[in-house]
Amino acid sequence: MAVAAGEDRDSFRHIALTYGSPQEYLDYLVTFVGDGVAEGVPVLIAVPGPSLALLRSALSPGTFDAVTAVDMSRAGRNPGHILGGVFGAFAARHRSSPVKMVGEQIWHGRSPQEYSACLQHEALVNEAFAGRDLTVVCPFDATHVDSATLVDAEITHPRVSRGGRGDRASATFAPQAAWERCNEPLPGNPTAASYAVHRLADLAGARQFCARYARWFGLTADAIADLQLIVNELATNSLQHGRRPITLLLWESAGQLVCQVRDAGHLTDRLAGRRPIVGDVDDGRGLYVVNATADLVRIHAAPTGTTVQAHLRMRR
């Protein structure tokens, strides 16, 4: 169900910019970024490398040097990490100031699973920054993404700009519906290796189990360490916040090692693992670490149980 007229809450603005050419991209963003720098507002540009190079060439050296620039294809390879590790971390460093951010997280070549994760991220941006004096512009390349993606952009963004010609309220803004559509049961694998976790004492065995499995595929020592960290954090999270039984599954799929942990609890905090880690706060730290380490994280949360899948590219 769409909310009334897609109006932004307070001074927060979340704008989908659909562009049909590099010039339309630059016409909007060079002005947006330049105005922010001229006003003394902290500005973040988080876009894929080629887009970052395009903006660097169009902005004056002084303007580009004044912004924080991030290659989103690296920092945002896992869409679940963008809100806490990129957007949230930048906003947290500037709590007392207005903030402007450019975030391009959906691009041609994203897998269907990555796209679903991106859609959930876009839906949660509205919840995470409600009440902040903050503007986020999310570019969408209309020449490379499909029409369904552009329709979804209007569902997850309260405001839309087409071709850089101003912006308008989205009549179909319904981020809750987008989130729920992507909160779907995750595909499993009948050949997966399984390990049961009952208590904290089982964590050492779980780490050894996943290391043996990863070595069988010839993964590097660093990749095995990443997998062990993910397994430890997910299993610990289930023991502390979920309900038994807790099952760990591992399998290989399309050049990725998939680690799944399922428990009988119901994860109701949609921002868990997506908030920046500040000070000694432990709430959500485990899922934050998993999001920062994995190449993709997908979560299905339901009253009957919670399933988390973390994907790691095979590094041999």
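1. A salt bridge here is a side-chain nitrogen of Lys or Arg within 4 Å of a carboxyl oxygen of Asp or Glu. By that rule, two salt bridges are counted between domain 1 and domain 2. R77 forms a salt bridge with D295, and their closest N and O atoms are 2.7 Å apart.

2. On the basis of the note: the model is predicted, with local features needing pLDDT of at least 70 and side-chain atom pairs counted only at pLDDT 80 or more, while totals for chains, interfaces and linings use all residues. Residues are numbered from 1 along each chain as its sequence is written, and side-chain values use heavy atoms, with hydrogens and water left out.

3. The protein is divided into domain 1 (12-182) and domain 2 (193-313), with bounds that come from an automatic or database domain assignment. The contact between them (heavy atoms within 4.5 Å) takes 24 residues from domain 1 and 19 residues from domain 2. Taken over C-alpha atoms, the domain centres are separated by 28 Å.

4. Domain 1 and domain 2 bury about 1,800 Å² between them, with 47% of it on carbon and sulfur atoms. Buried area is the accessible area (1.4 Å probe) that two parts lose on being put together, summed over both. Of the area that domain 1 buries against domain 2, R77, N78 and Q113 supply 29%, more than any other three residues.

5. The UniProt record, an unreviewed entry, places the feature "domain: MEDS" at residues 13-158. UniProt positions are in the numbering used here, feature names are shortened, and annotations may be inferred rather than shown by experiment. The span is 52% helix and 20% strand, and its end C-alpha atoms lie 8 Å apart. Helices (H or I, at least four residues) and strands (E, at least two) are DSSP runs, numbered from the N terminus.

6. An open sheet is formed by seven strands in the order 3-2-4-5-1-6-7, with mixed pairing. Its edge strands, each pairing on one side only, are strand 3 (68-71) and strand 7 (168-169). Two strands pair if DSSP finds at least two bridges between them. Strand 4 (residues 99-103) pairs with strand 5 (residues 134-141) in the parallel sense over four bridges; the partner of K100 in strand 5 is T135.

7. Strand 10 (residues 256-263) has seven of its eight residues buried, that is, under 20% relative accessible area, where exposed is over 50% and partly exposed in between (1.4 Å probe, protein chains only). Strand 9 (residues 246-253) runs antiparallel to strand 10, and seven bridges join them; L250 stands opposite C259. The hairpin of strand 9 and strand 10 has two residues between the strands, and A254 there takes a positive phi near 50°. Strand 10 also pairs with strand 12 (residues 305-313), in the antiparallel sense over eight bridges, and the partner of R262 in strand 12 is T307.

8. A292 lies in helix 11 (residues 285-293). A292 counts as partly exposed because its relative accessibility is 32%. Not counting residues up to four places away in sequence, A292 touches R77 and H81.

9. S116 lies in helix 6 (residues 112-128). With a relative accessible area of 13%, S116 is buried. Leaving aside neighbours within four places in sequence, S116 is in contact with C182, E184 and R298.
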